[in-house]
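This report describes selected local features of one protein model. Please consult the sequence and the structure alongside the text.

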Amino acid sequence: MLELYLGGARSGKSRLAEQRVRAANMQRIYVATATPGDAEMAARINHHQQQRQADDWRTVEAPEDLSAAILQHAAADKAILVDCLTLWLSNWLAKEDDDSWQQVRGRFLHTLQTAPGHIVLVSNEVGQGIVPLGALTRRFVDEAGRLHQDIAAIADRVVFVTAGLEQILKNRA
């Protein structure tokens, strides 16, 4: 089963996705994509790691090779939570290597279609605001939008979260 949770910053999407994974009653794997670019982010990462340890999650750090992390840990009796796709996208776009990104993106979409088990993806919806200034930020919004559309097309369930409330956009499960 493949699920996509979308929402704005602090919308509650991660909390609801975590609840969904807990409810699956499977071994829980948390695939984190954040990198500690500054002291505040490092503190956030540390805080989240401590929370997950207390809640019996196995954490895998995968800021770049998300497909390999999923393939390594996916199994019929496991639920994988990936948080978050927009941080992963940022990590790749910072490389300014479009050819590599397109290959990684294609491999990731293939992985999502073939990996066993329950996979829940969390991502920030960034396409509802004004058109951003600057080529890199416009590219980020474009790539995030395309990635979300492609994942939503293959996902069994797609949820949009606002103010901690789920709006089910798609439910084939």
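## Basis of the model

The model is predicted: local features require pLDDT of at least 70, side-chain atom pairs count only at pLDDT 80 or more, and totals for chains, interfaces and linings use all residues. Residues are numbered from 1 along each chain as its sequence is written, and side-chain values use heavy atoms, with hydrogens and water left out.

## Helix α4

Helix α4 spans residues 85-93 and is mostly covered, with 7 of its 9 residues buried. Buried denotes under 20% relative accessible area, exposed over 50%, and partly exposed in between (1.4 Å probe, protein chains only). Helices (H or I, at least four residues) and strands (E, at least two) are DSSP runs, numbered from the N terminus.

The buried residues of α4 are Leu85, Thr86, Trp88, Leu89, Asn91, Trp92 and Leu93. Their cover includes the strands β1 (2-7), β4 (78-83) and β5 (118-124), together with the helices α3 (66-73), α5 (98-114) and α6 (135-154).

## Histidine 148

Histidine 148 belongs to helix α6 and is buried, at 6% relative accessible area. Not counting residues up to four places away in sequence, histidine 148 touches Leu4, Leu6, Thr86, Ser123, Asn124 and Glu125, where contact means heavy atoms within 4.5 Å.

## Backbone geometry

Aspartate 83 and cysteine 84 are joined by a cis peptide bond, with omega about 0 degrees. Cysteine 84 sits in the loop between β4 and α4.

Asparagine 25, although not a glycine, has a positive phi of about 50 degrees. Asparagine 25 lies in the loop between α1 (13-23) and β2 (27-32) and is exposed at 71% relative accessibility.
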